[in-house]
Amino acid sequence: MSKKVNRLSRLGIMGGTFDPVHFGHLVAAEGARDVLGLEQVIFIPAGRPPHKPDCEITDPWDRYMMTSLAVASNEFFQVSSLEIDRSGPSYTIDTVQAIKGLYPGAQIYFITGADAVLEILTWKNVERLLSLCCFVAATRPGYQLDELWEKLGVLIQFPKQDILSMEVPALQISSTDIRRRVREGRTIKYLLPEPVEEYIVKHKLYR
Ligand code: NAP
(Lines give C-alpha, C1' and ligand atoms only; values in the text may rest on other atoms or scores of the structure.)
Protein backbone atom coordinates (compact mmCIF):
# COMPACT_ATOMS: atom_id res chain seq x y z
CA MET A 1 0.00 0.00 0.00
CA SER A 2 1.34 3.43 -0.92
CA LYS A 3 2.59 6.08 1.52
CA LYS A 4 -0.03 8.51 0.19
CA VAL A 5 -2.82 6.15 1.29
CA ASN A 6 -1.24 5.77 4.74
CA ARG A 7 -2.08 9.39 5.55
CA LEU A 8 -5.79 8.78 5.18
CA SER A 9 -7.97 9.88 8.05
CA ARG A 10 -11.27 8.13 7.26
CA LEU A 11 -11.06 4.62 5.96
CA GLY A 12 -13.59 1.89 5.22
CA ILE A 13 -12.91 -1.82 5.47
CA MET A 14 -15.35 -3.92 3.49
CA GLY A 15 -15.35 -7.31 5.16
CA GLY A 16 -16.97 -10.34 3.60
CA THR A 17 -16.49 -13.75 2.11
CA PHE A 18 -17.33 -12.36 -1.35
CA ASP A 19 -18.23 -15.76 -2.79
CA PRO A 20 -18.77 -14.14 -5.23
CA VAL A 21 -18.67 -10.34 -4.92
CA HIS A 22 -21.75 -8.69 -6.52
CA PHE A 23 -23.35 -5.31 -7.18
CA GLY A 24 -24.98 -5.32 -3.73
CA HIS A 25 -21.54 -5.25 -2.10
CA LEU A 26 -20.30 -2.55 -4.47
CA VAL A 27 -23.34 -0.32 -3.92
CA ALA A 28 -23.03 -0.79 -0.14
CA ALA A 29 -19.35 0.18 -0.17
CA GLU A 30 -19.91 3.19 -2.42
CA GLY A 31 -22.90 4.29 -0.32
CA ALA A 32 -20.84 4.13 2.87
CA ARG A 33 -17.99 5.99 1.19
CA ASP A 34 -20.35 8.73 0.12
CA VAL A 35 -22.35 9.10 3.34
CA LEU A 36 -19.40 8.79 5.73
CA GLY A 37 -16.90 10.73 3.61
CA LEU A 38 -14.46 7.83 3.43
CA GLU A 39 -11.29 8.46 1.48
CA GLN A 40 -10.74 4.80 0.59
CA VAL A 41 -12.58 1.53 1.03
CA ILE A 42 -10.44 -1.59 1.29
CA PHE A 43 -12.21 -4.81 0.38
CA ILE A 44 -10.77 -7.65 2.44
CA PRO A 45 -11.99 -11.08 1.37
CA ALA A 46 -12.06 -13.38 4.38
CA GLY A 47 -9.30 -15.97 4.19
CA ARG A 48 -10.81 -18.64 6.41
CA PRO A 49 -14.09 -17.34 7.89
CA PRO A 50 -13.95 -18.43 11.55
CA HIS A 51 -17.70 -19.11 11.73
CA LYS A 52 -17.77 -21.41 8.69
CA PRO A 53 -15.22 -24.14 9.45
CA ASP A 54 -17.21 -26.86 7.67
CA CYS A 55 -18.64 -24.84 4.79
CA GLU A 56 -17.43 -25.32 1.26
CA ILE A 57 -15.99 -21.97 0.30
CA THR A 58 -14.37 -21.07 -3.00
CA ASP A 59 -10.58 -20.86 -3.07
CA PRO A 60 -9.54 -17.56 -1.43
CA TRP A 61 -7.45 -16.49 -4.43
CA ASP A 62 -10.42 -16.95 -6.78
CA ARG A 63 -12.47 -14.74 -4.44
CA TYR A 64 -9.60 -12.25 -4.27
CA MET A 65 -9.31 -12.15 -8.09
CA MET A 66 -13.05 -11.66 -8.54
CA THR A 67 -13.06 -8.86 -5.97
CA SER A 68 -10.10 -7.18 -7.69
CA LEU A 69 -11.91 -7.32 -11.03
CA ALA A 70 -15.05 -5.89 -9.44
CA VAL A 71 -13.40 -2.86 -7.84
CA ALA A 72 -10.96 -2.03 -10.65
CA SER A 73 -13.06 0.82 -12.07
CA ASN A 74 -13.43 2.70 -8.76
CA GLU A 75 -10.44 4.82 -7.77
CA PHE A 76 -11.62 4.88 -4.14
CA PHE A 77 -11.67 1.10 -3.82
CA GLN A 78 -8.81 -1.33 -3.33
CA VAL A 79 -8.46 -4.98 -2.36
CA SER A 80 -6.19 -6.45 0.27
CA SER A 81 -5.06 -10.07 0.58
CA LEU A 82 -4.21 -9.48 4.24
CA GLU A 83 -6.58 -12.18 5.55
CA ILE A 84 -5.68 -14.63 2.80
CA ASP A 85 -1.95 -14.23 3.48
CA ARG A 86 -2.46 -14.89 7.20
CA SER A 87 -2.69 -18.49 8.36
CA GLY A 88 -5.47 -19.64 10.68
CA PRO A 89 -9.02 -18.30 11.07
CA SER A 90 -9.64 -14.75 9.80
CA TYR A 91 -10.51 -12.88 12.95
CA THR A 92 -11.67 -9.31 12.33
CA ILE A 93 -9.83 -8.02 15.42
CA ASP A 94 -6.49 -9.10 13.85
CA THR A 95 -7.44 -7.46 10.56
CA VAL A 96 -8.49 -4.16 12.12
CA GLN A 97 -5.35 -4.07 14.26
CA ALA A 98 -3.21 -4.68 11.18
CA ILE A 99 -4.96 -1.90 9.26
CA LYS A 100 -4.59 0.44 12.25
CA GLY A 101 -0.86 -0.23 12.11
CA LEU A 102 -0.76 0.61 8.40
CA TYR A 103 -2.91 3.74 8.74
CA PRO A 104 -2.07 5.25 12.12
CA GLY A 105 -4.64 7.77 13.28
CA ALA A 106 -7.27 6.81 10.72
CA GLN A 107 -10.88 6.48 11.84
CA ILE A 108 -11.91 3.02 10.65
CA TYR A 109 -15.39 1.91 9.59
CA PHE A 110 -15.88 -1.84 9.24
CA ILE A 111 -18.67 -2.38 6.70
CA THR A 112 -20.43 -5.70 6.49
CA GLY A 113 -23.84 -7.38 6.35
CA ALA A 114 -26.29 -6.76 9.21
CA ASP A 115 -26.69 -10.51 9.78
CA ALA A 116 -22.95 -10.76 10.34
CA VAL A 117 -23.04 -7.76 12.72
CA LEU A 118 -25.75 -9.49 14.74
CA GLU A 119 -23.22 -12.18 15.51
CA ILE A 120 -20.42 -9.93 16.69
CA LEU A 121 -20.83 -10.96 20.28
CA THR A 122 -19.44 -14.32 19.27
CA TRP A 123 -16.41 -12.70 17.62
CA LYS A 124 -12.94 -12.65 19.14
CA ASN A 125 -12.22 -9.66 21.44
CA VAL A 126 -15.43 -7.87 20.54
CA GLU A 127 -15.02 -5.08 23.09
CA ARG A 128 -11.53 -4.25 21.91
CA LEU A 129 -12.82 -4.43 18.33
CA LEU A 130 -15.58 -1.90 19.08
CA SER A 131 -12.99 0.39 20.65
CA LEU A 132 -10.89 0.31 17.46
CA CYS A 133 -13.54 0.85 14.79
CA CYS A 134 -17.15 1.72 14.05
CA PHE A 135 -19.36 -0.91 12.43
CA VAL A 136 -21.59 -0.23 9.44
CA ALA A 137 -24.35 -2.84 9.14
CA ALA A 138 -25.60 -2.98 5.57
CA THR A 139 -29.20 -4.21 5.45
CA ARG A 140 -31.49 -5.51 2.78
CA PRO A 141 -34.79 -3.58 2.33
CA GLY A 142 -37.41 -4.66 4.83
CA TYR A 143 -34.80 -5.74 7.34
CA GLN A 144 -36.12 -5.19 10.85
CA LEU A 145 -33.60 -2.65 12.09
CA ASP A 146 -35.35 -2.41 15.46
CA GLU A 147 -34.63 -6.08 15.87
CA LEU A 148 -30.93 -5.45 15.22
CA TRP A 149 -30.78 -2.77 17.93
CA GLU A 150 -32.85 -4.81 20.32
CA LYS A 151 -30.73 -7.92 20.00
CA LEU A 152 -27.45 -6.02 20.18
CA GLY A 153 -28.68 -3.78 22.99
CA VAL A 154 -29.72 -6.73 25.11
CA LEU A 155 -26.44 -8.46 24.62
CA ILE A 156 -23.88 -5.71 24.85
CA GLN A 157 -23.48 -2.16 26.10
CA PHE A 158 -22.21 -0.09 23.23
CA PRO A 159 -22.44 3.56 22.24
CA LYS A 160 -24.97 3.72 19.39
CA GLN A 161 -22.59 5.71 17.21
CA ASP A 162 -20.23 2.70 17.17
CA ILE A 163 -22.70 0.65 15.12
CA LEU A 164 -24.37 2.40 12.20
CA SER A 165 -26.89 0.90 9.83
CA MET A 166 -27.46 1.54 6.16
CA GLU A 167 -30.28 0.21 4.00
CA VAL A 168 -28.99 -0.95 0.62
CA PRO A 169 -31.75 -1.93 -1.85
CA ALA A 170 -29.16 -3.57 -4.14
CA LEU A 171 -28.54 -6.14 -1.40
CA GLN A 172 -31.58 -7.96 -2.74
CA ILE A 173 -28.76 -9.57 -4.70
CA SER A 174 -27.03 -12.29 -2.70
CA SER A 175 -23.99 -14.50 -3.21
CA THR A 176 -26.03 -17.55 -2.23
CA ASP A 177 -28.56 -16.84 -4.98
CA ILE A 178 -25.79 -16.28 -7.54
CA ARG A 179 -24.13 -19.61 -6.68
CA ARG A 180 -27.50 -21.38 -6.95
CA ARG A 181 -28.23 -19.76 -10.31
CA VAL A 182 -24.88 -20.88 -11.74
CA ARG A 183 -25.46 -24.40 -10.46
CA GLU A 184 -28.88 -24.45 -12.13
CA GLY A 185 -27.53 -22.99 -15.38
CA ARG A 186 -29.54 -19.80 -14.99
CA THR A 187 -28.47 -16.27 -15.85
CA ILE A 188 -26.42 -14.10 -13.46
CA LYS A 189 -26.21 -11.16 -15.86
CA TYR A 190 -26.69 -7.73 -14.23
CA LEU A 191 -26.19 -9.17 -10.74
CA LEU A 192 -22.42 -8.65 -10.75
CA PRO A 193 -19.82 -6.90 -12.93
CA GLU A 194 -19.21 -8.54 -16.31
CA PRO A 195 -15.52 -9.33 -15.66
CA VAL A 196 -16.58 -11.27 -12.56
CA GLU A 197 -19.17 -13.18 -14.56
CA GLU A 198 -16.51 -13.98 -17.16
CA TYR A 199 -14.14 -15.17 -14.42
CA ILE A 200 -16.83 -17.50 -13.02
CA VAL A 201 -17.45 -18.98 -16.46
CA LYS A 202 -13.76 -19.29 -17.35
CA HIS A 203 -12.83 -20.98 -14.08
CA LYS A 204 -15.99 -23.11 -13.94
CA LEU A 205 -16.88 -21.91 -10.45
CA TYR A 206 -20.10 -22.88 -8.63
CA ARG A 207 -20.94 -25.75 -10.97
P1 NAP B 1 -21.96 -14.11 6.09
O2 NAP B 1 -22.42 -14.82 7.32
O3 NAP B 1 -21.58 -14.92 4.90
O4 NAP B 1 -22.98 -13.03 5.62
C5 NAP B 1 -24.08 -12.62 6.39
C6 NAP B 1 -24.95 -11.73 5.52
O7 NAP B 1 -24.29 -10.50 5.29
C8 NAP B 1 -25.25 -12.33 4.16
O9 NAP B 1 -26.55 -11.95 3.82
C10 NAP B 1 -24.23 -11.64 3.26
O11 NAP B 1 -24.69 -11.53 1.91
C12 NAP B 1 -24.11 -10.28 3.89
N13 NAP B 1 -22.78 -9.66 3.71
C14 NAP B 1 -21.57 -10.22 3.97
N15 NAP B 1 -20.59 -9.32 3.76
C16 NAP B 1 -21.20 -8.18 3.34
C17 NAP B 1 -20.72 -6.90 2.98
N18 NAP B 1 -19.42 -6.60 3.04
N19 NAP B 1 -21.62 -5.97 2.59
C20 NAP B 1 -22.93 -6.25 2.57
N21 NAP B 1 -23.46 -7.45 2.91
C22 NAP B 1 -22.59 -8.40 3.29
O23 NAP B 1 -20.76 -13.19 6.53
P24 NAP B 1 -19.29 -13.27 6.05
O25 NAP B 1 -19.23 -12.68 4.69
O26 NAP B 1 -18.75 -14.65 6.25
O27 NAP B 1 -18.55 -12.36 7.13
C28 NAP B 1 -18.71 -10.97 7.12
C29 NAP B 1 -17.46 -10.36 7.77
O30 NAP B 1 -17.47 -10.62 9.17
C31 NAP B 1 -16.14 -10.94 7.24
O32 NAP B 1 -15.22 -9.91 7.14
C33 NAP B 1 -15.75 -11.94 8.33
O34 NAP B 1 -14.35 -12.16 8.40
C35 NAP B 1 -16.24 -11.21 9.56
N36 NAP B 1 -16.43 -12.16 10.66
C37 NAP B 1 -15.54 -12.17 11.68
C38 NAP B 1 -15.66 -13.05 12.73
C39 NAP B 1 -14.66 -13.02 13.84
O40 NAP B 1 -13.81 -12.16 13.87
N41 NAP B 1 -14.73 -13.93 14.77
C42 NAP B 1 -16.73 -13.96 12.74
C43 NAP B 1 -17.63 -13.93 11.67
C44 NAP B 1 -17.48 -13.03 10.64
P45 NAP B 1 -23.78 -12.13 0.71
O46 NAP B 1 -23.72 -13.61 0.98
O47 NAP B 1 -24.55 -11.76 -0.50
O48 NAP B 1 -22.45 -11.49 0.86
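A salt bridge here is a side-chain nitrogen of Lys or Arg within 4 Å of a carboxyl oxygen of Asp or Glu. By that rule, the side chains of Arg186 and Glu184 form one, at 3.3 Å from N to O. Before the rest, the conventions. This is a predicted model, so local features need pLDDT of at least 70 and side-chain atom pairs count only at pLDDT 80 or more, while totals for chains, interfaces and linings use all residues. Residues are numbered from 1 along each chain as its sequence is written, and side-chain values use heavy atoms, with hydrogens and water left out.

Back to the salt bridges. The whole structure has 5 of them. For exposure, buried means under 20% relative accessible area, exposed means over 50%, and partly exposed is in between, with a 1.4 Å probe and protein chains only. Arg186 is partly exposed at a relative accessible area of 42%, and Glu184 is partly exposed too, at 47%.

Another pair is Asp94 with Lys124, at 3.7 Å from N to O. This pair links distant parts of the chain, 30 residues apart: Asp94 is in helix α5, residues 92-102, and Lys124 is in the loop between α6 (114-117) and α7 (126-132). The element names come from DSSP runs, numbered from the N terminus: helices are H or I with at least four residues, and strands are E with at least two. Asp94 has 25% relative accessibility and counts as partly exposed; Lys124 has 36% and also counts as partly exposed.

Now helix α9, residues 175-183. Which of its residues are buried? They are Ser175, Ile178, Arg181 and Val182. These residues sit on the same side of α9, because they cover an arc of only 120° around the axis. The arc is that of the directions from the helix axis to the C-beta atoms. Among the elements covering the buried residues of α9 are α2 (23-36) and α10 (194-202), where contact means heavy atoms within 4.5 Å.

Arg181 is also in a salt bridge, with Asp177, at 3.0 Å from N to O. The two are 4 residues apart in α9, so about one helical turn separates them. Arg181 counts as buried at 18% relative accessibility, whereas Asp177 is partly exposed at 22%. Asp177, Arg180 and Arg181 together are linked in a network of salt bridges. After the helix comes Gly185, with a positive phi near 70°.

Next, α10. Its buried residues are Val196, Glu197, Tyr199 and Ile200. Just after α10, Lys204 has a positive phi of about 50°.

At 0% relative accessibility, Val96 counts as buried. Leaving out residues up to four places away in sequence, Val96 touches Ile13, Ile108, Phe110, Leu129, Leu132 and Cys133. Val96 and Tyr109 are 13 residues apart in sequence, and their C-alpha atoms are 9.5 Å apart in space.

Last, pockets. The grid is 1 Å over the protein atoms alone, and a pocket is an open set of points with protein on both sides within 12 Å along at least five of seven lines, where a 1.4 Å probe is used; lining residues have an atom within 4 Å of a point. Points are joined across faces, edges and corners, and a volume is the space filled by probe spheres set on the points.

How much space lies in the largest pocket? About 1,200 Å³. Of the 48 residues lining the largest pocket, the closest to its centre are Gly16, Thr17, His51, Lys52 and Ala116. Elements giving two or more residues to that lining include β1 (10-16), β4 (107-113), β5 (134-139) and α9. By class, the lining has 20 nonpolar, 17 polar and 11 charged residues. Nonpolar covers Ala, Val, Leu, Ile, Met, Phe, Trp, Tyr, Cys and Pro; charged covers Asp, Glu, Lys and Arg; the others, Gly among them, are polar.

The second largest pocket has a volume of about 150 Å³. Its lining is Gly47, Arg48, Pro49, Pro50, Lys52, Pro53, Cys55, Ile57 and Pro89, which divides into 6 nonpolar, 1 polar and 2 charged residues. That is the end of my slides.
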